[in-house]
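Me: I would like to learn how to read the features of a structure such as this one. Please take me through it step by step.

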Amino acid sequence: MRVMVRDGLFADADPPALLGSRCGACGSVHFPRADACTYCAAEDPTPIDLSPHGTLWAWTAVTAPPPGYEGEVPFGIGVVELPEGVRVITRLTESDPASLREGQPMELCVVALHRNDDGNDVVTYAFAPAGTASA
Amino acid sequence: MTEVAITGVGMHPFGRFEGVSTTDMGVAAVRAALREAGIGKDGFQAAFCGTAYGGVATGHKVLSRLGMTGMPIVDVEAGCASGGAALMLAAAAIRAGQYDTALVFGTEKMPKGIIRSSFFEPWQEEAGLAATPAFFGLRAQRLCLTSGVTKDHLARVVVKNRRHGVANPDAMYQKETTVDEVLGSRVVCEPLHLFMLCSPNEGAAALVLRRSDLAVPATSSAPSSPVTLAAAVLRSHIPGPVLSESTPLAGLASDAVPAPTTLAATAAYEEAGLGPSDLDVVECQDTDAARELLSCEELGLCEPGGSAALLDSGATHLGGRLPVNPSGGLLSKGEPLGASALGQVVELVRQLRGECGPRQVEGARTALSHTVGRGANAGAVILTR
């Protein structure tokens, strides 16, 4: 069985989606879903699904396991800009920084992190270069 | 308005000290600062202690050891800016007339390796997103993309600061390095190599603040003309920048929102009634080499995008127009969170007094220190003499 690293962050569906929200007062878009607008403090932003397609804005690779992480290294981490006007911090499926470029089309996918003590595969959201996500 | 003077400073060197406790280091720094200020047990009415990893009642443990309790003792946590936050509170209380004299210190023993921060949620750790150096790497890459900064510039920041640090007996690394050596160290997170990142470590720093009109004590080894604390400002972030020290999971697709450092610096310049062109020496946050360059831009030491040219001009080297991190910076000293901001201020007090020997900035009269870290918290301090 697979379990999400945290409920409410993304929909583990086909296609997957990041779960965000949009402020009814100022129009700002949030990820993760917010209780109050982080920009103008208005209450009750509207839940929305964010676009699974975006462009690469920044990227690097993590070469040593960070605190509390039990998965494999190296792994990619970066920032993807989505059409809603947000930039999202995300894992990347590509861990070689030299093979990525600014503005490259990216698409959302779900990746396995590690198997937990209950024998379940823990999964999280990630972005992959467009066209490679189904692998 | 009541002016605030700094009448005593003290340090415990920054480094790794097996068998020396957080309390031991705080005691050493506080003793030195009180001695310089010529005061003892009843010489201050409040104490503020910066620490992030010290645990419960860190400040109380230090002052208990010295037999100096009874007054309010407040521990202050504000990430990398903890010491700056403590300084702001103490200065504001003196200006408001609450106290004549206050003790401000910071003491810290950091775990080794990548800092495990309670800032992150457990799922962020599990997903590999609690990778602090990766955020530094992403920010460094954006600086390279927008400001013409190259890996060679990043290496030369390290070479500059490590050269400065050779003359600082309180620094962890007192040995020069080379561009080849920096670029030959392993890649931690592109574009950052190991030598481009400061080491979390241990140390303490202390300051005595006093109302300026009372600032010449009868018996003191400190110079007769004390340094004035012209501004001590703390700011948090405005949301928007995705790579801000607030470390959000998302931000706006816009670069128009000012950074917390800029907010703090702008307020500090206004409070002190001066601007970046009036500065003679700067100690700024150089957690990584790119952070120093970005700090220069955010503090207004150059135009946005101008940090590579500023470094190339030689201005920020000792002997240049505006030396940055003459102490060697965090890249030489290491970063004990609660003490690092006050360590900068101690350095600048000594610079303004002309006590820095081979690393002295000649004729320095006006100085700025800057810290920024998780929260976000950004601190800016301006000293004059």
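Reply: We can start with a helix pair. Two packed helices are described by the angle between their axes and the distance between the axes. Here the axes of α3(B) and helix α12 (residues 337-353) of chain B come within 5 Å and cross at roughly 65°. Axes are lines fitted to C-alpha atoms, for helices over the stretch in contact, and angles run from 0 to 180 degrees between N-to-C directions. Helices (H or I, at least four residues) and strands (E, at least two) are DSSP runs, numbered from the N terminus. This is a predicted model, in which local features need pLDDT of at least 70 and side-chain atom pairs count only at pLDDT 80 or more, while totals for chains, interfaces and linings use all residues. Residues are numbered from 1 along each chain as its sequence is written, and chains are lettered from A and ligands numbered from 1 in the order in which they are written.

Me: Which residues of α3(B) and α12(B) meet?

Reply: From α3(B) come S82(B), G83(B), G84(B) and L87(B); they meet L337(B), G338(B), A339(B), S340(B), A341(B), L342(B) and V345(B) of α12(B). Two residues are in contact if their C-beta atoms, placed from the backbone, lie within 7 Å. By class, this contact of α3(B) with α12(B) has six nonpolar, five polar and no charged residues. Ala, Val, Leu, Ile, Met, Phe, Trp, Tyr, Cys and Pro count as nonpolar, Asp, Glu, Lys and Arg as charged, and the others, Gly among them, as polar.

Me: At what angle do α1(B) and α2(B) cross?

Reply: The axes of helix α1 (residues 22-37) and helix α2 (residues 58-65) of chain B cross at roughly 60° and come within 9 Å. α1(B) and α2(B) are therefore oblique to each other; angles under 35 degrees count as roughly parallel, over 145 as roughly antiparallel, 65 to 115 as roughly perpendicular and the rest as oblique. The crossing of α1(B) and α2(B) is right-handed. A crossing is left-handed if the near helix is turned anticlockwise from the far one by less than a right angle, and right-handed if clockwise. On the α1(B) side the contact is made by T22(B), T23(B), G26(B), V27(B) and V30(B), and on the α2(B) side by T58(B), K61(B), V62(B) and R65(B). These residues divide into three nonpolar, four polar and two charged.

Me: What is the strand order of the open sheet in chain B?

Reply: Strands of a sheet pair through backbone hydrogen bonds, either parallel or antiparallel. The open sheet in chain B has nine strands in the order β3-β2-β4-β7-β1-β8-β12-β11-β10, with mixed pairing. Two strands pair if DSSP finds at least two bridges between them. The edge strands, each pairing on one side only, are β3 (73-76) and β10 (281-283) of chain B. From one strand to the next the twist averages 20°. Within the sheet, β8(B) and strand β12 (residues 377-384) of chain B run antiparallel and are joined by eight bridges. T228(B) has T384(B) in β12(B) as its bridge partner.

Me: Which strands does α1(B) touch?

Reply: α1(B) packs on the sheet and touches β1, β4 and β7 of chain B, with its direction at about 145° to that of β1(B). Helix α8 (residues 260-272) of chain B lies across β8, β11 (366-373) and β12 of chain B, and runs at about 145° to β8(B).

Me: How many residues does each chain give to the contact between chains A and B?

Reply: Chain A gives 33 residues and chain B gives 28. On the chain A side, β6 (53-62), β7 (75-82), β8 (86-92) and β10 (121-129) each supply at least two residues. That side divides into 19 nonpolar, nine polar and five charged residues. Strand pairing also links the chains: β8(A) and strand β9 (residues 250-252) of chain B pair in the antiparallel sense over three bridges. R87(A) stands opposite G251(B) in β9(B).
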